[in-house]
Amino acid sequence: MKLTDQLIALGGIFVVVILGFALFFWLSPTKGTVQTFDQDLMVRPDSAMTGTTTAKVTMVEWGDFECPACASMEPIFKQIIATYGKNTDFNFVFRNFPLPQHKNSRSAAEAAEAAGAQGRYWDMYTLLYENQAEWVKSANPRALFDSYAKTIGLDLTVFRAALDTHTYASLVARDYQDAGALGLNHTPTLFLNGVEQKNISLPALTKAIDDALKQ
């Protein structure tokens, strides 16, 4: 092979190598890249929330009232709501993500929404999680939902009518569809200003909230 041919061949190899590296870095995710999510699907105007949709910092929990892991996280979220719930710059939002394997999770979500219609969403939220082992194993969880409603002072006639007619079934179904559209596949899944939080511990979340409020 002539020298000129050798140089041309080496040049061709060099170009291929450069293009290969360029393609690799173009296709590979950049270190530290944060996945973004459709915010219109993340929070709906009628979602259960402690604040407003215009809050500076928004934390969204996608949960299932029958999920044991969600129940174990409830004390953490309860503390967060107690600490930041009255801060107008903060908003805690709960979205229903009733997993198919949990037979009573949709009815529990409807009970929470029915309580929310009477201004007591977070009271029912707490009772459903704290008493999860009771109603999940019950042959008649509806009777227990009614008893929780009575405990928090709801108008039982209105509450029972909402569950009888499945007034909030479409809202729960929409939340579930939003979760699917966002590509979510487990509960609890937690977001802070649209960024998924992998470390769901009180110290980590408190720091993340405080940092976001300072920005």
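Student: Is Val57 buried or exposed?

Tutor: Buried means under 20% relative accessible area, exposed over 50%, and partly exposed in between, with a 1.4 Å probe and protein chains only. Val57 has a relative accessible area of 0%, so Val57 is buried. The model is predicted: local features need pLDDT of at least 70, side-chain atom pairs count only at pLDDT 80 or more, and totals for chains, interfaces and linings use all residues. Residues are numbered from 1 along each chain as its sequence is written, and side-chain values use heavy atoms, leaving out hydrogens and water.

Student: Where is Val57 found, and which residues is Val57 in contact with?

Tutor: Val57 belongs to strand β2 (residues 57–63); strands (E, at least two residues) and helices (H or I, at least four) are DSSP runs numbered from the N terminus. Contact means heavy atoms within 4.5 Å. Neighbours within four places in sequence aside, Val57 contacts Asp89, Phe90, Asn91, Leu192, Asn193, Ala212 and Leu213. Ala212 is 155 residues from Val57 in sequence, yet their C-alpha atoms are 6.5 Å apart.

Student: How many residues does the largest nonpolar core have?

Tutor: In soluble globular proteins, nonpolar side chains tend to be buried together. A nonpolar core is a set of buried Ala, Val, Leu, Ile, Met, Phe, Trp, Tyr and Cys residues joined through side-chain atoms within 4.5 Å. Here the largest has 48 residues, and Phe65, Phe77, Ile80 and Met124 have the most contacts inside it. Helix α3 (residues 68–84) supplies the largest share of this core, 8 residues. A second, separate core has 14 residues, including Met49, Val60, Leu99 and Leu182.

Student: How is the packing of α3 and α5 described?

Tutor: Two packed helices are described by the angle between their axes and the distance between the axes. Axes are lines fitted to C-alpha atoms, for helices over the stretch in contact, and angles run from 0 to 180 degrees between N-to-C directions. For α3 and α5 the angle is about 150° and the axes are 9 Å apart. This makes α3 roughly antiparallel to α5; angles under 35 degrees count as roughly parallel, over 145 as roughly antiparallel, 65 to 115 as roughly perpendicular and the rest as oblique. In this contact, Cys70, Ala71, Glu74, Phe77, Lys78 and Ile81 of α3 meet Trp122, Tyr125, Thr126, Tyr129 and Glu130 of α5. Helix α5 (residues 121–130) is mostly covered, with 8 of its 10 residues buried.

Student: What is the relation of α5 to α7?

Tutor: The axes of α5 and helix α7 (residues 141–151) come within 10 Å and cross at roughly 135°, and the two helices are therefore oblique to each other. Met124, Leu127 and Leu128 in α5 meet Phe145, Tyr148, Ala149 and Thr151 in α7.

Student: Which peptide bond is cis, and what is the phi of His166?

Tutor: Most residues other than glycine have a negative phi, and most peptide bonds are trans. The bond from Thr187 to Pro188 is cis, with omega near -10°, and Pro188 is in the loop between α9 (169–181) and β4 (189–192). His166 has a positive phi of about 55° although it is not a glycine; His166 lies in the loop between α8 (156–164) and α9 and is partly exposed, with a relative accessible area of 49%. Asn193, also not a glycine, has a positive phi near 50°.
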